[in-house]
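Here's a quick briefing to read alongside the model. Have the viewer open, and click through the residues as they come up.

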Amino acid sequence: MNRSRIRLDEILPDVYADLKSIASRALKNERADHSYQTTELVHEIYLRLSTIRAIDWSNSDHLLRAATGVVRRILIDYARAHRTLKRTPPDPSIDASEELSRHRETVETELDLLDLEEALKRLEALDPRKAEVVTLRYFGGQNNETIARVLGLSAVTVKREWAMARAWLRRELSGVDPP
């Protein structure tokens, strides 16, 4: 069989554990009451990946990069939709102080994720490689060695890129202008 013609559904049994691992690591960064469960996120990843035609699915690094990008889009879409839902009137049967506390925690977490997405887009425009390191690290939960392999870099370079990107993002998200 021509390797470039392999379909995602043909390799799903071989990559399901990898997708589940990516989903599990991605959800660890989310708030406790997030409605996605690992298996549900894996299914959503698969559905979105199955629409991509231009990837050689036989290459595990291509799959990892694509899956991580999909996780990023899913979680950002979820945060945007959840923020919109928060504009609905509160349920009168729920204690108002409890609801306010939960709402404040949720909004702060979502704002952080949505702010991160905006900052990450700015970083992509400035330095796509650093942005990809952040995406693989934050949304894919990958370690420096895996990121190095996927991007064709040394682990030392990935460590440096991660440190620089993290510092840049911290400054961007804090709203403090550089000196």
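Which residues in α6 meet which residues in α7? On the α6 side they are N144, E145, I147 and A148, and on the α7 side A155, V158 and K159. Keep in mind that this is a predicted model. The protein has seven helices and zero strands, and buried residues account for 37% of its 179 residues.

**Overall layout**

- Reading from the N terminus, the order of elements is simply α-α-α-α-α-α-α.
- If you take the contacts between residues at least 6 apart in sequence, 67% of them join residues at least 24 apart.

**How α6 sits on α7**

- Helix α6 covers residues 144–151 and helix α7 covers residues 155–174.
- Their axes are 8 Å apart, and the packing angle is about 105 degrees.
- An angle from 65 to 115 degrees counts as roughly perpendicular, so that is the label α6 and α7 get.
- Sorted by type, the residues of the α6 contact with α7 come out as four nonpolar, one polar and two charged.

**How α5 sits on α7**

- Helix α7 also packs with α5: the two axes come within 9 Å and cross at roughly 90 degrees.
- α5 and α7 are therefore roughly perpendicular to each other as well.
- From α5, the contact takes in R129, K130, V133, V134 and R137.
- From α7, the partners are T157, V158, E161, W162, M164, A165 and L169.
- By type, the residues of the α5 contact with α7 are seven nonpolar, one polar and four charged.

**The nonpolar core**

- The largest nonpolar core has 48 residues, and the members that touch the most others are I45, L49, W57, L123 and F139.
- Each of α1, α2, α3, α4 (96–126), α5 (128–139), α6 and α7 puts in at least two residues.
- The largest share of this core comes from α3, with 11 residues.
- Zooming in on I45, and skipping residues up to four places away in sequence, you'll find it touching L19, A23, A67, V70, V71 and I74.

**Aromatic pairs**

- There are two aromatic pairs in the structure.
- In one of them, the ring centres of Y36 and Y78 are 5.6 Å apart with the planes at 55 degrees, so this pair is tilted.
- That pair links distant parts of the chain, with its residues 42 apart: Y36 is in the loop between α1 (8–28) and α2 (38–49), while Y78 is in helix α3 (residues 60–85).
- Both Y36 and Y78 are buried.
- In the other, Y138 and F139 have ring centres 4.9 Å apart and planes at 80 degrees, so this pair is edge-to-face.

**Spots to check along the chain**

- S35 is in the loop between α1 and α2, and it is partly exposed, with a relative accessible area of 45%.
- Leaving out neighbours within four places in sequence, S35 is in contact with E40 and Y78.
- The C-alpha atoms of S35 and Y78 are 9.4 Å apart in space, although the two residues are 43 apart in sequence.
- D56 belongs to the loop between α2 and α3, where it counts as partly exposed at 26% relative accessibility.
- D56 and I6 are 50 residues apart along the chain, yet their C-alpha atoms are separated by 7.2 Å.
- G69 is in helix α3 and is buried, with a relative accessible area of 13%.
- G69 and T135 are 66 residues apart in sequence, with 7.2 Å between them from C-alpha to C-alpha.

Technical notes:
Residues are numbered from 1 along each chain as its sequence is written. This is a predicted model: local features need pLDDT of at least 70, side-chain atom pairs count only at pLDDT 80 or more; totals for chains, interfaces and linings use all residues. Side-chain values use heavy atoms; hydrogens and water are left out. Axes are lines fitted to C-alpha atoms, for helices over the stretch in contact, and angles run from 0 to 180 degrees between N-to-C directions. Helices (H or I, at least four residues) and strands (E, at least two) are DSSP runs, numbered from the N terminus. Angles under 35 degrees count as roughly parallel, over 145 as roughly antiparallel, 65 to 115 as roughly perpendicular and the rest as oblique. Contact means heavy atoms within 4.5 Å. Ala, Val, Leu, Ile, Met, Phe, Trp, Tyr, Cys and Pro count as nonpolar, Asp, Glu, Lys and Arg as charged, and the others, Gly among them, as polar. Rings of Phe, Tyr and Trp (its six-membered ring) pair if their centres lie within 6.5 Å; planes under 30 degrees apart count as stacked, over 60 as edge-to-face and the rest as tilted. Buried means under 20% relative accessible area, exposed over 50%, partly exposed in between (1.4 Å probe, protein chains only). A nonpolar core is a set of buried Ala, Val, Leu, Ile, Met, Phe, Trp, Tyr and Cys residues joined through side-chain atoms within 4.5 Å.
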